[in-house]
Amino acid sequence: MRESIQAAEELNPLIPHVSEIILGAAVFLVLLLAIRKFVVPNFERAFAERTKAIEGGISAAETKQAEADARLAELEKQLGDARHEAARIREEAREQGARIIAEMREQAQAEATRIVDHGKAQIEAERQQAVTSLRAEVGTLATSLAGRIVGESLEDEARQRRVVDRFLTDLEAGTPGRN
Amino acid sequence: MIAGNLAAALVPMASSGGGFTPPGPADFDLPPIVGGITKPMVMIVLSAVLIFAVTYAMSRKAELVPGRLQYAGEWAYGGVRNGIAREIIGTEHYLRFVPYLFTLFAFVLVNNYFGLIPLIQFPTFSHSGYAYGLAALSWLLYNGVGIGKHGFLGYLKHTCVPAGVHGPVLLLIAPLEFLSNILVRPVTLALRLFANMFAGHLLLILFALGGEYLLLEAFSPINAVGGVLAWVMFFGVSLLELLVMFLQAYVFTLLTAMYVSGAVADEH
């Protein structure tokens, strides 16, 4: 090459070969068409899909977040309701318990009163029965006393008095509680 | 010849040989491989095949959660799409220009990096024809878009008459605007890319061949130091080229986007 230095001095690198202009432009245009048809749409599709996926992901996340928020609010409301309900039930139970205790106390009181009354009535009845039976016996005793007195010698007034005293003593021992 | 003699004079200790012949435009005039087919021709077709195969493999699955390959593709595609097209053209119109801008960026980038890939080691756009072709396409694109939007005369007015300028000063401004927006833009677009690639590759050849000459053909202790330095420079310039090659692809794409943006804009 360097031997052809004479030719080189005639060469002007600014003057192109027309064939090279045409070839360069043609090859470039063919490449442009190929890339435009087969390469660019693929890249653009990937970009578009990625954008869509990211946007879709964001909106899905937003929906989920909103759902979760709503659910949380609902649960908190339910929890509040439940607390309220529990407090109400507790209050009611306390009231009911107090009422039951009062009722029971009243009942017990009434029962006690009833038992005491019953006891008193029974005692009264027994006393009445005793008095009645005593009354009935008093006659018999009086008769028997009279018989005895009549049967005894009446010469001794002192003795008579003793008999009566003894009788009365017996009587007192036999029929106590007479007020 | 003069330059060759000059180089030989700068290396006085050259013991033998015809002296050092510095690289020149002739080094870019590669002989045809077969028939009329040259290396850059093969490379430009190879670049298109490579770009399509790789980007297609990257985008084919288009999964929601990308794999490594798809992630890399989306990073590059998204960079051009969002970083250049959307930033400059605006969200309203940018999407229909994304295929063009993405292809342009990949095409220029791969062809530039061919200049550093071992065994290929030739930037396609150091042949000016390829740069002219791409610039012509960008020119057609932004003017076509402008005419499609504003009509032919409307577009001429849109391009040549800056907003808020009235009266006789237009006689001065309008031709200048026409010159700068319609005529100069494609030329600078092409020349910027071509000249960067050409000069970068020339520098690399110079340091590689110069180092080789000093070390192997004109060996002496001083020349050996110079040769090693030249090869160190070769390495440094290669790293610089790595950056320049990317920047040129980026700038070409960015400027095309700006021209399109100006053409579709409602007002200046």
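Helices here are DSSP runs of H or I with at least four residues, and strands are runs of E with at least two. I'm working from a predicted model, so I keep that in mind throughout.

**Chain A, the annotated span.** I started with residues 14–35 of chain A, which an unreviewed UniProt entry annotates as "transmembrane region". I looked up what the model does there: the span is 82% helix and 0% strand. Its end C-alpha atoms lie 30 Å apart.

**Chain A, helix α3.** Next I checked α3(A), residues 157–174. Then I looked at its cover and found that the count of buried residues in α3(A) is zero.

**Chain B, overall.** I counted eight helices and zero strands in chain B. The radius of gyration is 23 Å, well over the 18 Å from the globule rule for 268 residues, so chain B is more spread out than a compact globule. The C-alpha trace spans about 70 × 60 × 40 Å along the principal axes. I noted that 38% of the residues in chain B are buried. For contacts in chain B with a separation of 6 or more, 63% join residues 24 or more positions apart.

**Where A meets B.** I listed the contact residues and got 34 from chain A and 42 from chain B. On the chain B side, the elements giving two or more residues are α2 (39–59), α3 (68–89), α4 (98–113) and α5 (128–150). Which of them gives the most? That is α2(B), with ten residues. I also sorted this side of chain B by class: 27 nonpolar, ten polar and five charged residues.

**Nonpolar cores.** The largest core has 59 residues, and Leu101(B), Phe102(B) and Val260(B) are among those with the most contacts inside it. I checked who supplies it: α2 (18–151) of chain A gives at least two residues, as do α2, α3, α4, α5, α7 (169–217) and α8 (221–264) of chain B. The most comes from α4(B), with eleven residues. I followed up on Val260(B): leaving aside neighbours within four places in sequence, its contacts are Ile89(B), Phe97(B), Leu141(B), Tyr142(B) and Val145(B). There is also a second, separate core of seven residues, including Phe20(B) and Tyr213(B).

**Ser59(B).** I picked this one out in helix α2 of chain B. Is Ser59(B) buried or exposed? It counts as buried, because I find 24 C-beta neighbours inside 10 Å and the cut-off is 20 or more. Beyond four places in sequence, Ser59(B) is in contact with Val39(A), Asn42(A) and Phe43(A) from chain A, plus Gln70(B) and Gly73(B). I also noted 9.1 Å between the C-alpha atoms of Ser59(B) and Tyr71(B), which are twelve residues apart along the chain.

**Two positive phi values.** Most residues other than glycine have a negative phi, so I looked for exceptions. Ala62(B), in the loop between α2 and α3 of chain B, has phi near 50°. Leu119(B), in the loop between α4 and α5 of chain B, has phi near 80°. I then compared their surroundings. Ala62(B) is buried, with 20 other C-beta atoms within 10 Å, whereas Leu119(B) is exposed, with 5.

Technical notes: Residues are numbered from 1 along each chain as its sequence is written. Chains are lettered from A and ligands numbered from 1 in the order in which they are written. This is a predicted model: local features need pLDDT of at least 70, side-chain atom pairs count only at pLDDT 80 or more; totals for chains, interfaces and linings use all residues. UniProt positions are given in the numbering used here, feature names are shortened, and annotations may be inferred rather than shown by experiment. The radius of gyration is taken over C-alpha atoms; the globule rule is 2.2 Å times the number of residues to the power 0.38. A residue is buried if 20 or more other C-beta atoms lie within 10 Å of its own, exposed if 12 or fewer, and partly exposed in between; C-beta atoms are placed from the backbone. Two residues are in contact if their C-beta atoms, placed from the backbone, lie within 7 Å. Ala, Val, Leu, Ile, Met, Phe, Trp, Tyr, Cys and Pro count as nonpolar, Asp, Glu, Lys and Arg as charged, and the others, Gly among them, as polar. A nonpolar core is a set of buried Ala, Val, Leu, Ile, Met, Phe, Trp, Tyr and Cys residues joined through C-beta atoms within 7 Å.
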